[in-house]
Amino acid sequence: YALAISGFEEYTEKFPDSPLADNALYWIGECHFSQGSFPDAVRAFDRLLEIHPDSDKAAAANLKKGLAYLEQNQISQAIIQLRYVVSSFPGSDEAKLARDKLVSLGAPV
């Protein structure tokens, strides 16, 4: 994962205006998430959303942020984030996953 993160970071530094820069930022977050580095994952997803708010990865990044909050036992923040996914990306697969997670947490959607 460290090599992948390094490569994605280098790509975003060299090609910040590339149509794939948002994907590289997303995958940095995924790498951190897969390693269990949930605070780093949240920071990476936040960076993606700040730089590329209209990215096609926005729904996925917001969902993964919610799941990262859950992994850190930040339940109330996770619920807020998952509700945001449902309301902001209503027809997406991510919204369905967020809705299902909210139901499993016993949180109203």
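Angles under 35 degrees count as roughly parallel, over 145 as roughly antiparallel, 65 to 115 as roughly perpendicular and the rest as oblique. I kept this rule at hand while reading the helix pairs of this predicted model.

**Entry 1: α5 and α6**

I looked up the pair formed by helix α5, residues 75-88, and helix α6, residues 93-105. Their axes lie 8 Å apart, and the packing angle is about 140°. I therefore recorded α5 and α6 as oblique to each other. The crossing of α5 and α6 is left-handed.

I then listed the residues that make this contact. From α5 I noted Ile-79, Leu-82, Arg-83, Val-85 and Val-86. From α6 I noted Glu-94, Ala-95, Ala-98, Arg-99, Lys-101, Leu-102 and Leu-105. By class, the residues of the contact of α5 with α6 comprise eight nonpolar and four charged, with no polar ones.

**Entry 2: α3 and α4**

I turned to helix α3, residues 38-51, and helix α4, residues 58-71. I found an angle of about 155° between them, with the axes 9 Å apart. Since angles over 145 degrees count as roughly antiparallel, α3 is therefore roughly antiparallel to α4. The crossing of α3 and α4 is left-handed.

On the α3 side, the contact is made by Phe-38, Val-42, Phe-45, Asp-46, Leu-48 and Leu-49. On the α4 side I listed Ala-58, Ala-61, Asn-62, Lys-64, Lys-65, Ala-68, Tyr-69 and Glu-71. The residues of the contact of α3 with α4 divide into nine nonpolar, one polar and four charged.

**Entry 3: Lys-64**

I next examined Lys-64, which is placed in helix α4.

I asked which side chain a polar contact joins to that of Lys-64. The partner is Glu-30, at 3.4 Å. Setting aside residues up to four places away in sequence, I found that Lys-64 touches Tyr-26, Glu-30, Phe-33 and Phe-45. Phe-45 is also listed among the α3 residues of the contact with α4.

**Entry 4: His-52**

I located His-52 in the loop between α3 and α4. His-52 has a relative accessibility of 18% and so counts as buried.

Beyond its neighbours within four places in sequence, I noted contacts of His-52 with Pro-16, Ala-21, Asp-22 and Leu-25. I also checked His-52 against Thr-12: the two are 40 residues apart in sequence, and their C-alpha atoms are 12 Å apart in space.

Note on methods. Residues are numbered from 1 along each chain as its sequence is written. This is a predicted model: local features need pLDDT of at least 70, side-chain atom pairs count only at pLDDT 80 or more; totals for chains, interfaces and linings use all residues. Side-chain values use heavy atoms; hydrogens and water are left out. Axes are lines fitted to C-alpha atoms, for helices over the stretch in contact, and angles run from 0 to 180 degrees between N-to-C directions. Helices (H or I, at least four residues) and strands (E, at least two) are DSSP runs, numbered from the N terminus. A crossing is left-handed if the near helix is turned anticlockwise from the far one by less than a right angle, and right-handed if clockwise. Contact means heavy atoms within 4.5 Å. Ala, Val, Leu, Ile, Met, Phe, Trp, Tyr, Cys and Pro count as nonpolar, Asp, Glu, Lys and Arg as charged, and the others, Gly among them, as polar. A polar contact is a pair of N or O atoms within 3.5 Å; within protein, one must be able to donate a hydrogen and the other to accept it, and residues adjacent in sequence count only if both atoms are side-chain atoms. Buried means under 20% relative accessible area, exposed over 50%, partly exposed in between (1.4 Å probe, protein chains only).
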